[in-house]
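Visitor: I would like to learn how to read a few features of a model. Please take them in turn, with the general idea before the case.

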Amino acid sequence: MEKTERISILIIDDEKQFTEELDYFFKNSNYESYETNTAEEGRKILSSHLIDLLILDVRLPGVNGLDILKEVKVQYPNMEVIIISAHGDMDTVIKAMRLGAFDYLRKPFRFIDIQIAIERTHKYLQLQRMLKRMEEKNSLISKSLEEKIERQFIGISPGIKEVFEQAVTAASYPDANVLITGESGTGKENIARIIHYSSARKDAVLYAVNCSAITESLLESEFFGHKKGSFTGAITDKMGYFEACNNGTLFLDEIADMPLILQAKILRAAEEKVITRVGDTAEIRTNFRIISATNHNIEKLVEKKKFRLDLLHRLNTIHIHIPALRERPEDIKPLLIHFVDFYATKFSKPKIQIAEEVFELLRSYDFPGNVRELRNMTERALILCKSNLLRIEDFPVKSSKPIKSAFKDKNQNLETTEIKMIRDALQQSSYNQQAAADALGIHRDALSRKMKKYHITIFKNKD
Ligand SMILES: Nc1ncnc2c1ncn2[C@@H]1O[C@H](COP(=O)(O)OP(=O)(O)OP(=O)(O)O)[C@@H](O)[C@H]1O
Ligand SMILES: [Mg+2]
């Protein structure tokens, strides 16, 4: 319970001696107290002072106390009322309670009775005030979080609104692990960063690790650190990611590529929040949160025994799935406007208009590279366009139409289409992987992974 607050009491009763005695008693008990013998005077005090508790005699001469009760409950909804009734007048008591009186006392009563009633009211009032403050605080926190998230993650579709909501939840629970799934380029890393920087961990490190980019032999020492001399090359003591992320967030990108052997160790660290450096015995406590991301169907990998179910359960306390851009075409327009503004500012161009036909064209496109592809496409358009109006010609979607129609061909499965797209892009970019990745609108690492997955090697394709 928080610090006791002084409450203010007003007594309205027609017996002068009674109100004076009570007033004296309250003042001695360290309450702020006022007393009066008429309803009229009572109204005046109520309008000029902040009263927490009204002690009201319902049998005032010339006025119906119940009417006063009704009136003050409307005018001062946060004020509590204890009514005083004559002995045997239970009807009035019941009516008063129905009208919102907090408690009642029957005359004659002892000081101890009124003291108990007031203590009870006091506790209730304090609790009410605390709740109100907490509600205000919470609504302020989540409001500013929502605003922050909406500014950085563009989208108006119901799917993206749901992502916002989950991101707000994830930011408000800084100890819960988060798993973000979605196709390449949907904004998984973006959301991970937004969550970290909107959470209570924002002042500590956010460390992003691409699990598919670290060699297997080094994975353990990278995550757990090592002691000098524990293996060839360990020339100094080194801190691992878990330790470095103490009080912060460890972002595990491409989590599905984590070798099984390391998965068990990661699970233990995530459960116990205690690690031991390679070649050492000392236990080190570290308080990190894991946000992980994957564009694979991780449940399928669990079925194939390539991913541990217990680790998945540990990682997906909060699961955020970002839908592909083609599943939420209504986001294309706001995203395009956002990227056009962004690149226009970056390239010091004047305000650029977008022809309506561009939106139409893009809505019918599949965006295999999702938002990243749209961003890259916009950047290219802004660099190349000569006027202040972007037109269909500025977008390479047209030239990739065969790709689009391949997607629409129901007889071809997704994998065949993807392989064809990768081969085409490589061929068109003279086998420059970075250029091919850019044309596909995916990250270079993602292209390498896909090439590995589909056994596409550059030399085979070249002849
Ligand atoms: N809703 C969005 N609003 C603004 N920018 C976005 C949005 N979604 C994605 N982006 C931008 O698209 C690009 C790709 O996003 P990001 O790198 O987060 O994707 P990803 O899902 O992690 O992709 P991958 O699986 O290939 O790693 C980034 O530049 C990101 O800022
Ligand atoms: Mg990513």
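Guide: Helices here are DSSP runs of H or I with at least four residues, numbered from the N terminus. On that numbering, Glu-243 belongs to helix 9. Bear in mind that this is a predicted model.

Visitor: Is Glu-243 buried, exposed or partly exposed?

Guide: A residue is buried if 20 or more other C-beta atoms lie within 10 Å of its own, exposed if 12 or fewer, and partly exposed in between. Glu-243 has 17 C-beta neighbours inside 10 Å, so it counts as partly exposed.

Visitor: Which residues does Glu-243 touch, leaving out those up to four places away in sequence?

Guide: Glu-243 touches Gly-225, Ile-275, Ile-284 and Thr-286.

Visitor: How does the domain assignment divide the chain?

Guide: Such bounds come from an automatic or database domain assignment. In this chain the assignment gives domain 1 as 8–130, domain 2 as 153–323 and domain 3 as 326–462. The centres of domain 1 and domain 2, taken over C-alpha atoms, are 59 Å apart.

Visitor: Now the helices. What describes a packed pair?

Guide: Two packed helices are described by the angle between their axes and the distance between the axes. Take helix 13 (residues 332–346) and helix 14 (residues 356–363): the angle is about 125° and the axes are 10 Å apart. Angles over 145 degrees count as roughly antiparallel and 65 to 115 as roughly perpendicular, and helix 13 and helix 14 are therefore oblique to each other. Helix 13 passes helix 14 in a right-handed crossing.

Visitor: Which residues of helix 13 and helix 14 meet?

Guide: Helix 13 brings Ile-332, Lys-333 and Leu-336, and helix 14 brings Phe-359, Leu-362 and Arg-363. Sorted by class, the contact of helix 13 with helix 14 has four nonpolar, no polar and two charged residues.

Visitor: At what angle does helix 13 pack with helix 15?

Guide: Helix 13 and helix 15 pack at about 45°, with their axes 9 Å apart. That makes helix 13 oblique to helix 15. The crossing of helix 13 with helix 15 is right-handed. From helix 13 the contact uses Ile-332, Leu-335, Leu-336, Phe-339, Val-340, Tyr-343 and Ala-344, and from helix 15 it uses Val-371, Leu-374, Arg-375, Thr-378, Glu-379 and Leu-382. By class, the contact of helix 13 with helix 15 has 10 nonpolar, one polar and two charged residues.

Visitor: Let us turn to the backbone. Which residues have a positive phi although they are not glycines?

Guide: Among them is Asn-247, with a phi of about 70°. Asn-247 sits in the loop between helix 9 (241–244) and strand 8 (249–253). Another is Phe-367, with a positive phi of about 50°. Phe-367 lies in the loop between helix 14 and helix 15 (370–384).

Note on methods:
Residues are numbered from 1 along each chain as its sequence is written. Chains are lettered from A and ligands numbered from 1 in the order in which they are written. This is a predicted model: local features need pLDDT of at least 70, side-chain atom pairs count only at pLDDT 80 or more; totals for chains, interfaces and linings use all residues. Axes are lines fitted to C-alpha atoms, for helices over the stretch in contact, and angles run from 0 to 180 degrees between N-to-C directions. Helices (H or I, at least four residues) and strands (E, at least two) are DSSP runs, numbered from the N terminus. Angles under 35 degrees count as roughly parallel, over 145 as roughly antiparallel, 65 to 115 as roughly perpendicular and the rest as oblique. A crossing is left-handed if the near helix is turned anticlockwise from the far one by less than a right angle, and right-handed if clockwise. Two residues are in contact if their C-beta atoms, placed from the backbone, lie within 7 Å. Ala, Val, Leu, Ile, Met, Phe, Trp, Tyr, Cys and Pro count as nonpolar, Asp, Glu, Lys and Arg as charged, and the others, Gly among them, as polar.
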